[in-house]
Amino acid sequence: MSLYLDSLSRLLPDDAHKQLDHALQVPDARSIVETVLRLAVGAPAPEHEVVSDWQRLQDRATQIVNELKRGELGESQKRSREYEPSSPSKRPRIDNGAHTIASIEQDPPLFTLHALSVSSPIRKKVNISVHRSSIRLVNPSTLNEEHTPIPLAALQRAFLLSTRGKSKPHWTVALLASDVPAPTGKAAEAMKDTPVPQLVFGLDATLVTNFTTTSYDTDGSPRTESYAKGSSSLPALRAFLSHIPIHTLEPSTSIFRSATASSGDGIAGVEAYRGAKQGTLWFLHEGVLWDGKPCEFFALEHLAPTGKSEQAYEGVRTLSATGRTCSVILRRIRRRLEKGSEAGEDEEEEEVDAEDIDFGMVDGREQETIGRWIKSHRHLFGKPVESAKTSLASDGEPVDVKGKAKAKEDDPRHEDTEDEEDSDFTMESSDEESSSDVSDSDESGEDEEGGSDEEGDASDEVTGDEAEELDPKHHPLLRPGAMPRMSRAAVEAVVGMVEQDLMGGGRRTTQTDDESEEEDELDD
């Protein structure tokens with residue numbers, strides 16, 4: 001019985017209907033056409049025909065039909081109105097620049113994650129399929145593609161992150177085609193090629209329902225693997241990422257550990273705000289990742305190095321006014337400007353054109369951990385990847401410009417000293433001794449200026465004008481951002497006020513006592 005063929009053939013004109021009936025007089029021709037129609041429309045298999053693996057054939061037929069529909073729509077073969085003006089501002093929806101998308105026959109599937117929620121480039125639950133040259137987002141029920149295929153050749157970064165802000169452990173996978181997000185609005189319309197979007201999706205670390213994945217053999221036969229409720233989803237995500245032709249980056253607490261993590265394995269990132277958008281800054285060995293919407297990656301080679309001038313700032317720095325919260329400022333290199341060597345200079349000084357990106361409302365306790373990450377990675381800021389690799393000796397020690405291995409104590413990763421910024425918060429020994437001399441002179445009633453000068457000169461002879469080094473671990477006020485920059489006069493004024501409070505009047509009380517003694521002598 002050819003139900004679909006008989007029903008659809010009635011729609012044809014009489015002449016075409018007679019020609020079709022005449023052509024179907026060949027034995028088994030009617031049943032063959034009926035089977036093809038059922039495959040195309042997604043109907044069940046014919047009862048009188050035994051077709052092996054009907055479901056797989058039907059899925060393949062649906063993909064072929066969708067591919068044919070998309071090709072016809074892309075050619076724009078429909079007749080246009082003669083009076084309709086051309087619209088150059090309209091952009092074609094299916095366009096990936098130099099990356100061409102192969103047909104489904106030339107781009108067979110390799111691995112599929114079923115029924116996952118995607119947050120970018122669309123917000124839907126889809127099947128995510130890795131093909132030989134692309135990633136396709138397919139509707140689980142209709143098997144129609146929900147978005148333009150993403151070329152694998154366009155992807156540059158892959159991240160596997162632990163999602164923050166969830167009540168239960170959760171994983172997030174982010175695939176980026178560029179470190180800088182694609183422009184939007186008029187800037188995007190001005191671009192010649194449509195940028196490849198970011199692909200971001202997530203999955204519970206412990207599955208709350210049954211989950212399935214499908215892998216395909218070389219001949220196209222599928223193999224389904226099921227994950228029971230309560231099992232870990234990490235093996236399925238790693239299997240998916242293994243088919244992506246780029247290295248997957250994962251944050252590690254051995255590189256960075258948040259100071260606010262009270263228990264557990266810790267977190268390799270800090271919560272921050274970019275404008276009004278909340279997200280996490282992940283500090284990796286390769287750079288810093290912002291997982292907001294959209295994601296942005298700051299590779300070490302794109303962070304500005306520390307310049308020689310006082311106005312130059314390095315690629316990562318923190319600023320804090322109160323110490324409770326701080327801002328993390330990342331300085332990205334947009335282009336490099338070569339400056340010719342001047343007289344008296346041994347090397348050429350390179351200038352960079354950079355932009356600052358501010359991330360605010362970071363917990364103030366994170367300043368110390370961020371500072372340690374900066375110390376261990378600042379020698380790689382602004383260096384290309386090749387030069388950064390060659391700048392390490394065979395034993396892993398950094399190498400200077402002349403090619404000689406530096407000592408381990410010169411490596412910023414082995415430094416236990418203070419940051420360069422901390423020098424503004426330390427006081428010289430002469431300042432400390434002068435303040436102690438002031439208190440001693442107040443108690444003894446001697447001349448204040450003379451005593452402090454004599455003690456200061458004596459301390460200079462003994463110490464040789466060397467400042468005592470204080471460890472920020474034991475002195476919280478010496479940590480970066482704990483105190484604003486203060487001049488020496490302001491420090492002395494504050495010390496004087498503290499002395500007055502502690503000694504019940506301080507200098508003023510001493511002066512009144514001296515005046516009373518002088519009055520008594522005059523009375524005698």
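In the predicted model, Arg 38 is joined to Glu 34 by a salt bridge in which the closest N and O atoms are 3.0 Å apart. Both residues belong to helix α3 (residues 29-41), where a spacing of 4 residues separates them by about one helical turn. Arg 38 is buried at 11% relative accessibility, and Glu 34 is likewise buried, with a relative accessible area of 1%.

The count of salt bridges comes to 16. Arg 136 is buried at 1% relative accessibility, whereas Glu 145 is partly exposed at 22%. A further salt bridge connects Arg 331 with Asp 356, with the closest N and O atoms 2.8 Å apart; because Arg 331 lies in strand β16 (residues 325-338) and Asp 356 in strand β17 (residues 350-363), the pair ties together parts that are 25 residues apart in sequence. Arg 331 is partly exposed, with a relative accessible area of 21%, and Asp 356 is partly exposed at 39%.

Strand β5 (residues 157-162) is largely enclosed by the rest of the structure, since 5 of its 6 residues are buried. Strand β5 runs antiparallel to strand β6 (residues 170-176), to which 6 bridges join it, and pairs in the parallel sense with strand β10 (residues 248-249) over 2 bridges. Ala 158 has Leu 175 as its bridge partner in β6 and Thr 248 as its bridge partner in β10.

Val 498, located in helix α11 (residues 488-502), is partly exposed, with a relative accessible area of 41%.

Technical notes: Residues are numbered from 1 along each chain as its sequence is written. This is a predicted model: local features need pLDDT of at least 70, side-chain atom pairs count only at pLDDT 80 or more; totals for chains, interfaces and linings use all residues. Side-chain values use heavy atoms; hydrogens and water are left out. Buried means under 20% relative accessible area, exposed over 50%, partly exposed in between (1.4 Å probe, protein chains only). Two strands pair if DSSP finds at least two bridges between them. A salt bridge is a side-chain nitrogen of Lys or Arg within 4 Å of a carboxyl oxygen of Asp or Glu.
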